[in-house]
Amino acid sequence: MSRADRKDLGSLADFDRSEVKVAIPRGSTAAKALAKYVPKATVVEFSGTADIVSAIDAGQVDAICSGDALVNWTVKNSGGKYRNAASLGPPEDDAIGFPQGDFVWWLWLNRFVREINEDGTNYTFWVKWYGEVPPPKSP
């Protein structure tokens, strides 16, 4: 995601320059993806999501690299201030953490996720909150 006024950051190749600073949340998988797809970009790690959005607002970075959910929601609610600038590789699956060994919770959670995917609820929420069609499922 970049500011909408950064027309020079339109394709993935535009980010592969050392002068381009990309904010990521500390410990995210984004660092590995950036190293693979735009190795020349300067990666700047921040402690959390609010900090990366504040950094782009303050002009400390040129873009942020985060999951589709955060980027799409932020773009949709920015009033045109931000835009999706480029896709960084194929979509990644999300995961839900829960206590190890809790088989009953695992069964309930798997059933819940399967049902909201099958009945279209998940799709409806994605469009409502992020304003676009969800990315395709990972192979």
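Predicted model: local features only at pLDDT ≥ 70, side-chain atom pairs only at ≥ 80, totals over all residues.
In which helix does W108 lie? W108 lies in helix α4, and several of the points below return to that helix.

1. The secondary structure of the chain amounts to five helices and five strands. Their order along the sequence is β-β-α-β-α-β-α-β-α-α. Taken along the principal axes, the C-alpha atoms fill a box of roughly 50 × 30 × 30 Å. The chain has 139 residues, and 27% of them are buried.

2. **Length of helix α4.** Helix α4 covers residues 103-118, which is 16 residues. The expected span is 1.5 Å times one less than the number of residues. After α4 comes G120, which has a positive phi, near 90°.

3. **Nonpolar surface patch.** Which residues form the nonpolar patch on the surface? The patch consists of F98, F103, W105, W106, L107, W108 and F112. Together these residues have about 700 Å² of accessible area. One of them, W108, is partly exposed, with a relative accessible area of 47%.

4. An α-helix has 3.6 residues a turn, so residues three or four places apart point the same way. F103 counts as exposed because its relative accessibility is 53%, and the cut-off for exposed is over 50%. W106 has a relative accessible area of 36% and is therefore partly exposed.

5. **The pair W105 and W108.** Why is the pair of W105 and W108 stacked? The ring centres of W105 and W108 are 5.2 Å apart and the planes meet at 10°, so this pair is stacked; planes under 30 degrees apart count as stacked. W105 and W108 are both in helix α4, three residues apart, or about one turn of the helix. W105 is partly exposed at 32% relative accessibility, and W108 is partly exposed at 47%. W105 and W108 also belong to one aromatic cluster with F112.

6. **A salt bridge within helix α4.** The structure holds eight salt bridges. One of them joins E115 and R111, whose closest N and O atoms are 2.7 Å apart. These two residues are four residues apart in helix α4, so about one helical turn separates them. E115 is partly exposed, with a relative accessible area of 34%. R111 also counts as partly exposed, at 49% relative accessibility.

7. **A network of salt bridges.** Which residues are linked in a network of salt bridges? The network links R6, D8, R17, E19 and D62. Side chains of opposite charge can pair when their charged atoms come close. D8 and R6 meet through their side chains at 2.8 Å, N to O. D8 has a relative accessible area of 35% and is partly exposed, while R6 is partly exposed at 22% relative accessibility. R17 forms a salt bridge with E19, and their closest N and O atoms are 3.8 Å apart. R17 counts as partly exposed, with 28% relative accessibility.

8. Is S78 buried or exposed? S78 counts as buried because its relative accessibility is 18%, and buried means under 20%. S78 lies in the loop between α3 (68-76) and β5 (82-83). A polar atom of the S78 side chain lies 3.2 Å from the backbone nitrogen of K81. The S78 side chain also reaches the backbone nitrogen of Y82, at 3.1 Å.

Notes: Residues numbered from 1 in each chain as written. Heavy atoms only, no water. Patch = residues over 30% accessible without salt bridge, like charges linked within 9 Å, V, L, I, M, F, W, Y side chains within 5 Å. Areas by Shrake-Rupley, 256 points an atom, 1.4 Å probe, with all protein chains shown as cover. Salt bridge = Lys/Arg side-chain N within 4 Å of Asp/Glu carboxyl O. Buried < 20%, exposed > 50% of the residue type's maximum accessible area, 1.4 Å probe, protein only. Polar contact = N/O pair within 3.5 Å; in protein donor to acceptor, adjacent residues only side chain to side chain. Phe/Tyr/Trp six-rings, centres within 6.5 Å; stacked < 30°, edge-to-face > 60°.
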